[in-house]
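Biologist: I have not looked at this entry before. Please show it to me, and then take my questions in turn.

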Amino acid sequence: MNRRRLLLAAAGVAGIGAASSPWSPSALAATDDDLAYANFGLASSYLLADFYGRALQSGRLGPVARPTLRRGRTAANLQARALTDLLTGAGDTPATTEDFTFAWPTTALATAAATRRTGLTLLHAVRGAYQGAAATLSETSYRVLFASLAASVAEQAGALALLGADVPPFPVALDLEAASAALEAYLG
Amino acid sequence: MRSRLALLLVALVVGVTAVAGAGARPTTTPPLTIYAAASLTDVFRTLDPAQNFSFAGSNALETQIRNGAPADIFASAAPLNTQRLFRAGLVDKPVTFTANRLALIVPKSNPAGIRTIYDLRSKPVKLVVAAPAVPVGGYTITVLRKMGLSSVLGKVVSRESDVRAVTGKVALGQADAGFVYVTDARAVSDQVNIVRIPAWAQPRVRYEIAVVSRSTNKTAARAWINAILSARGQTALRNAGFLPVAKPTT
């Protein structure tokens, strides 16, 4: 197995593991900030899953990309499940996919390069928010969850970048306002 | 366009009522008494000016129906109010007929300099909201909680009885900002600026409508509701800025 295949496979497996293992619903008292990151993350996970689905459907990235896109979609769905559990455990009503009408600019998935760029833009904002959450939240178990989610998203970004010659943006923590603004055009 | 829709709606209601009542009584039917959420004021009046409307906060209307007010139809901005009445046997099974979103409005002069909802946290602001029992008041609390901004409720200077009162206070410059439905914000867009609330923080705003159990004009009431659920009724709601529901459902 060459390095490229190894990284692609690792991204999928690690992504799934990261999202499914560190979290189980609990009755922890969630602060407003905890819930805000969780709500944003949940919407973003649905958005990512939608992106991967559309990228798969368009076929722009070619057959070699299909396993990466499928793993990305699986990881996004597992992230959504983890965040749904967090919100439910905190006594909130989590959003569902039916609550969103995502907006995809016509150029977003027009070519292979545009598809990768769009995916990396989304992943950069989501990872930044998760890093911000991991750095600022007060409850340790929430910080662990968001750190795991950030790692999963980072692996997805690496895998997507490997499909082309893209260099993912350097990971920086974003506050919720900045991350939200970055995704506003897509979240509808 | 609006007047054509209104005429069609009136014709549909009158027609159905006339057919249902043929042979039993004269075809001239009294107007329906429709209790509706304040946010439906413009669209319902435009759709069908021939009926008797009472617009207010859905919680106040629920209380009035519970106390025996002579309504034929109840249209609520939150399922909670209709469902409570349904469980009490006071309305027939409610139907979801439209949806909405929340927005923050600021006066055109924008004295507090609010550009994003996050500015509410950092700037001194006189904020006006609806009371928590009013649907839009409850939705406001949900938005702020979802965004981690519950602390800005400490800047509330007034809690109003319905969304129109919130809109009016901001439009008149008596407050720096207020949370209203997007449809109400559109109606005063010459007087206010609209600050968008992100999709991920939006509450699930669903409107329900039901025939009041004690109505003496149930056939006409059902016909009126069917007209609202029809493609033309739904188009009129969308034109007023309301959001479609996948399929109006019970």
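**Strands, helices and contacts**

Biologist: Do strand 6 and strand 7 of chain B run parallel or antiparallel?

Modeller: Strands here are DSSP runs of E with at least two residues, helices are runs of H or I with at least four, and both are numbered from the N terminus. Two strands pair if DSSP finds at least two bridges between them. Strand 6 and strand 7 of chain B are joined by four bridges and run parallel.

Biologist: What kind of model is this?

Modeller: Residues are numbered from 1 along each chain as its sequence is written, while chains are lettered from A and ligands numbered from 1 in the order in which they are written. Local features need pLDDT of at least 70, side-chain atom pairs count only at pLDDT 80 or more, and totals for chains, interfaces and linings use all residues, the model being predicted.

Biologist: Which residue is the bridge partner of B:V128 in strand 7 of chain B?

Modeller: Strand 6 of chain B also pairs with strand 8, in the parallel sense over two bridges, and there B:V128 stands opposite B:G178. In strand 7 of chain B, the bridge partner of B:V128 is B:S158.

Biologist: Which residues of strand 6 of chain B are buried?

Modeller: A residue is buried if 20 or more other C-beta atoms, placed from the backbone, lie within 10 Å of its own; 12 or fewer makes it exposed, and anything in between partly exposed. Both faces of strand 6 of chain B are covered. The buried residues are B:L127 and B:V129 on one side, and on the other B:V128 and B:A130.

Biologist: What is the handedness of the β-α-β unit with helix 6 of chain B?

Modeller: The unit consists of strand 6, helix 6 (residues 135-146) and strand 7 of chain B. A crossover is right-handed if, with the strands pointing away from the viewer, the path from the first strand over the helix to the second runs clockwise. This β-α-β unit is right-handed.

Biologist: Why do strand 2 and strand 4 of chain B stand at the edges of their sheet?

Modeller: They belong to an open sheet of five strands in the order 2-1-3-10-4. Strand 1 (residues 33-37) and strand 2 run parallel, joined by five bridges. Strand 2 (52-56) and strand 4 (95-100) are at the edges because each has a single partner strand.

Biologist: Why does B:A75 count as buried?

Modeller: B:A75 lies in strand 3 (residues 73-76) of chain B. Leaving aside neighbours within four places in sequence, its contacts include B:I34, B:L40 and B:Y207. B:A75 counts as buried because its C-beta neighbours inside 10 Å number 27.

Biologist: How many residues does domain 2 of chain B give to its contact with domain 1?

Modeller: Domain bounds come from an automatic or database domain assignment, which gives domain 1 (2-99 + 205-239) and domain 2 (102-201) of chain B. The contact takes 13 residues from domain 1. Domain 2 gives 16 residues.

Biologist: Which helix gives the most to the side of chain A that touches chain B?

Modeller: In this interface, 15 residues of chain A are in contact with twelve of chain B. Helix 2 (32-58) and helix 6 (176-187) of chain A each supply at least two residues of that side. With seven residues, the one that gives the most is helix 2 of chain A.

How values were computed
Contact = placed C-beta atoms within 7 Å.
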